[in-house]
Structures are given as C-alpha cells and as structure tokens.
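The sequence and the structure are shown here for reference.

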Amino acid sequence: MTDTPGWASPGSPEPPRDDVRPPADQPPGAVGDAAGGPGPYGGAYGSIPHQGQSRDAGRYGAPGGTGQYGGGPGVQGGWGVPLSPKPGIIPLRPLGVGEILDGAVTTVRRHWRTALALSLGLAAVQQVLQALGEWWAYEQPGDASELTAMLGPVPVELLLGVVAVGMLTMVVSKAVLGQPVALGDAWKAARPRLAALTGLTLLTFLIVVGPFVPGIALVVLGIVDGLNDTLLALGAILTLAAVPVALWLGIDLSLAAPALVLERQGVFTAMSRSRRLVRGSWWRLFGINVLTRVLIAVASGMVMMPFSLAALAVAGDEAPTADNPFVMGLPPLGLLILAIGGTIVATFTIPLGAAVNVLLYIDQRIRREALDIELARAAGLPEYGSAGWAGNQASPGV
C-alpha cells in the first residue's frame with residue numbers, strides 16, 4: 001500500500017486504488033483520464049502526485065533553470081510558474097493557521113447563498129427538534145422525559161450533520177478552485193457519498209466514545225451499589241484516563257470525511273487515509289482544531305447571550321436559579337427565543353467548522369503530495385498546463 005490515494009476523481013465510476021501508481025512518465029493532470037474519465041474537479045482531489053514529486057523550488061523552476069512543470073525559466077526569471085497562485089479562497093501552497101481560518105470565513109462570505117442557505121435549513125430543523133423535545137420535557141416532567149428529550153432528536157441530528165458535512169465539503173472544494181457551486185449542484189455531488197459518510201460518522205463516534213465505556217460503567221455500578229466509593233473512584237480515574245485517548249483517536253480520524261467524499265474512498269480506506277495524512281502532524285492539527293472550537297464557542301456565546309437573557313426573563317420564576325437549579329425546562333416562549341438564537345448561531349458555525357476541516361485535509365495533501373499542482377491545473381491556470389474543469393489538457397496560453 002502506498003501513502004497516496006488512487007486517481008479516481010469525485011464522480012468517476014472507478015473506485016480509487018491505493019496500491020497502484022501511474023507510470024513514471026505520466027504527466028500530472030492526466031490522472032483524471034486514467035480513471036476512466038474526468039470528474040467534476042479535473043482529477044485534482046482524487047489524483048496522486050507525480051513519481052518523485054516533492055515540495056522544492058526545482059518543481060517550479062529554479063532561477064536561470066528549467067522547472068519540472070514550468071517548461072522554461074524559473075519563478076524568478078520572467079515567465080515561470082508563480083509560487084503561490086490563488087484561484088480561490090486560499091493560496092495553493094502549505095497554509096498557515098491564519099490562512100486556514102481566513103479561508104473558512106472567505107468561503108462563507110463568497111458563497112453565502114449556498115453555504116448559509118444549507119446551514120440555515122439544517123440548523124432550523126435541528127433547533128425545532130430540540131425545542132420540541134425540551135417542551136415535551138417541560139410539559140411531562142420526570143427523568144424519563146428528560147432522557148427522551150435529550151436522545152430523541154439524536155438520530156435526525158446525526159443525519160443532518162452527515163448531509164451538512166457532505167455538501168459543505170463539495171462547496172469548499174470548489175471554492176478552493178475559485179468556482180461557484182449552487183445548492184443543487186452540491187447536493188448532486190455529495191448525495192452518492194452520504195450512505196458511506198453516515199457509516200463513517202457512526203463508526204468514528206463509536207471509536208472515539210469507546211475508551212469512556214469502562215469508566216462510565218464503573219460509575220453506574222457504583223451508584224447502583226449504594227454509592228460505592230471504590231467503584232466511583234476507579235470509574236472516575238478510568239474516565240479521566242480516557243480523555244487523551246479519545247482526543248488522539250478523534251484527531252487521527254478527523255480527515256476521514258473529506259477523504260471519503262473527495263477521493264471516493266470506502267469507509268475503512270478513508271479512516272486509514274486520515275491516519276496517514278495526520279501522521280507527524282497530530283499536534284498541529286490538534287492545536288488548529290482547539291483554536292477553531294474556542295473561537296467558535298466564544299463567538300457563539302456572545303451571540304447567544306441576549307437570547308439567553310431574554311429567555312430567562314420570559315421564564316420568570318420558572319427559570320433555574322441558585323436556590324432552585326432543578327427546574328425541568330423553560331416555557332414555550334423561552335424555548336422559542338433560544339431556538340431562534342441557536343438557529344442564527346448554527347447557521348454560521350456549521351459551515352465554518354466544516355470549511356476548516358476540509359482546508360486542513362487539503363493542506364495536508366499539499367504538504368505531503370504536492371496537491372497544489374493538481375489544484376492549479378483543475379482551476380484552469382494555463383501556466384500549469386491546465387486540465388480545466390472538463391479534465392482536458394490545454395496548452396499554456398489557451
């Protein structure tokens with residue numbers, strides 16, 4: 001098995017092959033045709049780097065010399081290929097943290113009709129389900145009602161999350177190439193991958209949650225056994241010990257969804273692919289993910305604060321207080337106010353989180369596989385021997 005994906009592009013009928021490389025003399029950009037026809041991205045995301053290709057100056061052409069893809073003088077000498085073309089939301093080179101965050105925000109800003117319309121619809125459904133569950137718990141107080149209110153919407157929310165990830169991945173991948181994408185086009189491109197993405201999401205969830213099971217089981221046994229201090233302490237220790245394991249597994253598998261959608265990988269192959277891309281960069285990806293979530297949490301809290309205060313004001317004596325923290329829920333008007341605020345927040349946070357994850361995937365492939373060359377060709381840059389959107393070779397200047 002190699003450390004590169006197969007060359008089937010998104011939409012190609014042939015699945016990618018991890019154990020096959022193209023011939024050493026095959027030019028970059030021909031990979032889309034090798035898979036039985038070009039896909040909607042000109043083979044860029046499903047391609048593999050040219051044999052021996054590396055991230056060095058010679059790939060573009062050194063000053064006074066001839067570059068691997070430039071066909072003439074290097075970047076410092078007149079008509080060579082530029083080092084950092086930017087056809088879309090990011091420059092096509094290894095990205096810094098700021099560029100990844102800026103790329104996510106730029107995606108939402110430039111493609112707001114698609115990104116926000118998608119996330120608004122999903123967020124509205126999610127908030128309505130959550131509000132209905134909390135309203136039912138408010139009307140039917142009791143432990144069973146609270147548990148039903150918490151777990152009832154989970155299956156639907158899971159499916160909505162899968163749809164959001166699949167469609168937003170397609171939106172971001174085209175935004176990188178500087179191409180617009182309509183909501184219908186994103187759905188059409190993502191729909192064939194949603195079943196596999198659902199399986200991947202469930203399996204990843206079970207893997208990440210798995211380390212907590214022994215500790216939680218001991219805590220439950222300790223409670224059932226009349227607050228057994230030994231079982232409770234041991235359960236707490238195992239639960240705390242599971243935190244770093246779960247974090248490690250979560251980051252290790254964090255790039256599986258983009259790999260599954262864009263490379264048309266299977267579930268287990270996508271998980272293995274994510275592990276290979278993350279290898280050696282775990283702490284960097286962990287830091288960027290933490291930073292993203294902190295920024296989103298702070299912004300969400302600021303937006304939600306007036307809605308929360310309004311909901312508490314409407315609730316009056318029914319709202320939780322320090323003296324009475326166990327109120328079953330808010331009245332319907334308070335739940336409506338929170339649902340409106342939650343919908344507004346999720347409309348922006350859903351696409352931002354998805355965009356950061358896709359850009360991390362693209363950044364890792366640029367760093368490891370020189371994907372920037374294929375992206376430049378797919379974006380239609382003639383100085384890179386563009387294959388364009390149709391996947392057909394075009395000579396420079398065409």
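## Pockets and overall build

The lining of the second largest pocket consists of 12 nonpolar residues, three polar ones and no charged ones. This pocket belongs to a predicted model, and its volume is about 220 Å³. Its lining has 15 residues, and those nearest the centre are Leu295, Ile296, Ala299, Thr349 and Leu352. Two or more lining residues come from each of α3 (97–110), α13 and α14.

The largest pocket holds about 1400 Å³ of space. Of the 40 residues that line it, Gly161, Val165, Thr201, Arg293 and Asn357 are nearest to its centre. At least two lining residues are supplied by each of α4 (112–139), α6 (154–176), α8 (194–209), α10 (229–252), α11 (256–262), α13 and α14. By class, the lining of the largest pocket has 25 nonpolar, 13 polar and two charged residues.

When contacts between residues at least 6 apart in sequence are considered, 67% of them join residues at least 24 apart.

Helix α12 (residues 267–278) and helix α14 (residues 332–369) have axes that come within 10 Å and cross at roughly 65 degrees. The crossing of α12 and α14 is left-handed. On the α12 side the contact involves Arg273, Arg276, Leu277 and Val278, and on the α14 side Tyr361, Gln364, Arg365, Arg368 and Glu369. The residues of this contact comprise three nonpolar, one polar and five charged.

Serine 281 sits in the loop between α12 and α13 (282–315). Apart from neighbours within four places in sequence, serine 281 is in contact with Gln364 and Arg368. Both Gln364 and Arg368 also take part in the contact of α14 with α12. Serine 281 counts as buried because its relative accessible area is 15%, below the 20% limit.

Most residues other than glycine have a negative phi. Leucine 227 has a positive phi, near 55 degrees, and is not a glycine. Alanine 370, also not a glycine, has a positive phi of about 55 degrees.

Where do these residues lie? Leucine 227 is in the loop between α9 (213–224) and α10, while alanine 370 is in the loop between α14 and α15 (371–378). Leucine 227 is exposed, since its relative accessibility is 57% and the limit for exposure is over 50%. Alanine 370 is buried, its relative accessible area being 2%.

Helix α15 is mostly covered, with eight of its eight residues buried. Among the buried residues of α15 are the charged Asp372, Glu374 and Arg377. Glycine 380 follows α15 and has a positive phi, near 90 degrees.

Leucine 168 is part of helix α6. Its C-alpha atom is 10.0 Å from that of proline 258, although leucine 168 and proline 258 are 90 residues apart along the chain. Not counting residues up to four places away in sequence, leucine 168 touches Ala115, Leu118, Ile350, Pro351 and Ala354. Leucine 168 counts as buried because its relative accessibility is 3%.

Histidine 111 occupies the loop between α3 and α4. Its contacts, leaving aside neighbours within four places in sequence, are Thr106, Leu116, Val171, Ala175, Gln179, Pro180 and Val181. With a relative accessibility of 13%, histidine 111 counts as buried.

The table collects the accessibility values given above.

| Residue | Relative accessibility | Class |
|---|---|---|
| Serine 281 | 15% | buried |
| Leucine 227 | 57% | exposed |
| Alanine 370 | 2% | buried |
| Leucine 168 | 3% | buried |
| Histidine 111 | 13% | buried |

Terms used: Residues numbered from 1 in each chain as written. Predicted model: local features only at pLDDT ≥ 70, side-chain atom pairs only at ≥ 80, totals over all residues. Heavy atoms only, no water. Axes fitted to C-alpha atoms, helices over the stretch in contact; angles between N-to-C directions. Helix = DSSP H or I, 4+ residues; strand = E, 2+ residues; numbered from the N terminus. Left-handed = near helix turned anticlockwise from the far one by under 90°. Contact = heavy atoms within 4.5 Å. Buried < 20%, exposed > 50% of the residue type's maximum accessible area, 1.4 Å probe, protein only. 1 Å grid on protein atoms, 1.4 Å probe; cavity = no way out; pocket = protein on both sides within 12 Å on 5 of 7 lines; lining within 4 Å. Points joined across faces, edges and corners; volume = space filled by probe spheres on them.
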